[in-house]
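Q: I have a chain open in my viewer and would like to learn how to read its fold. Could you walk me through it?

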Amino acid sequence: MLNKGTALVTGASRGIGRAIALALAEEGFDLAALALGDAQELAALETEVRALGRRCMTLEADIGERAAHAGIVARVRDALASIAC
């Protein structure tokens, strides 16, 4: 499967965010999966994404803190390359 880039998904530990993350992985995207305070759920998602043959990094992050945005994006770029727009 071709790599279509890296997608950053917030709220990825459950619900709609998790469904979006898995759909993107199935379509060929590597993932940066973010959620706040759901380490176990993020770990389970990472396992599922890697089983699909995609790279995945997880971060417990509060995107409500605007000052943290640049740091989050930099960590994702360092680990997985650029983020698809």
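Q: Which strands does helix H1 lie across, and at what angle does H1 run to S1?

A: Keep in mind that this is a predicted model. Helix H1, residues 15-26, lies across S1 and S2 and runs at about 170° to S1. Helix H2, residues 39-51, packs on the sheet too, touching S2 and S3, and the direction of H2 makes about 170° with that of S3.

Q: Now the sheet itself: in what order do the strands come, and is the pairing parallel or antiparallel?

A: In general, strands of a sheet pair through backbone hydrogen bonds, in either a parallel or an antiparallel way. Here, 3 strands form an open sheet in the order S1-S2-S3, with parallel pairing. Strand S1 (5-10) and strand S3 (56-60) stand at the edges with a single partner strand each, so one side of each has no neighbour in the sheet. On average, neighbouring strands are turned by 15° against each other, direction ignored.

Q: How many bridges link S1 and S2, and how many link S2 and S3?

A: S1 and S2 pair over 6 bridges, while S2 (residues 29-35) and S3 pair over 5 bridges.

Q: What is the handedness of the crossover from S1 through H1 to S2?

A: That β-α-β crossover is right-handed. S2, H2 and S3 likewise make a right-handed β-α-β unit.

Q: Are the residues of S2 buried or exposed?

A: In S2, 7 of the 7 residues are buried, so the strand is largely enclosed by the rest of the structure. Phe29, Leu31, Ala33 and Ala35 point one way from S2, and Asp30, Ala32 and Leu34 point the other way.

Q: And for a helix, why do the buried residues of H2 line one face?

A: An α-helix has 3.6 residues a turn, so residues three or four places apart point the same way. In H2, the buried residues are Leu42, Leu45, Glu46 and Val49. Seen down the axis of H2, these residues fall within an arc of 105°, so they line one face of the helix. They pack against H1, S2 and S3, whereas Gln40, Thr47 and Ala51 are exposed on the other side of H2.

Q: Which residue with a positive phi follows H2?

A: Look for glycine 53, whose phi is near 85°.

Methods
Residues numbered from 1 in each chain as written. Predicted model: local features only at pLDDT ≥ 70, side-chain atom pairs only at ≥ 80, totals over all residues. Heavy atoms only, no water. Pairing = 2+ DSSP bridges. Helix = DSSP H or I, 4+ residues; strand = E, 2+ residues; numbered from the N terminus. Axes fitted to C-alpha atoms, helices over the stretch in contact; angles between N-to-C directions. Contact = heavy atoms within 4.5 Å. Buried < 20%, exposed > 50% of the residue type's maximum accessible area, 1.4 Å probe, protein only. Right-handed = clockwise from strand over helix to strand, strands pointing away. Arc of directions from axis to C-beta.
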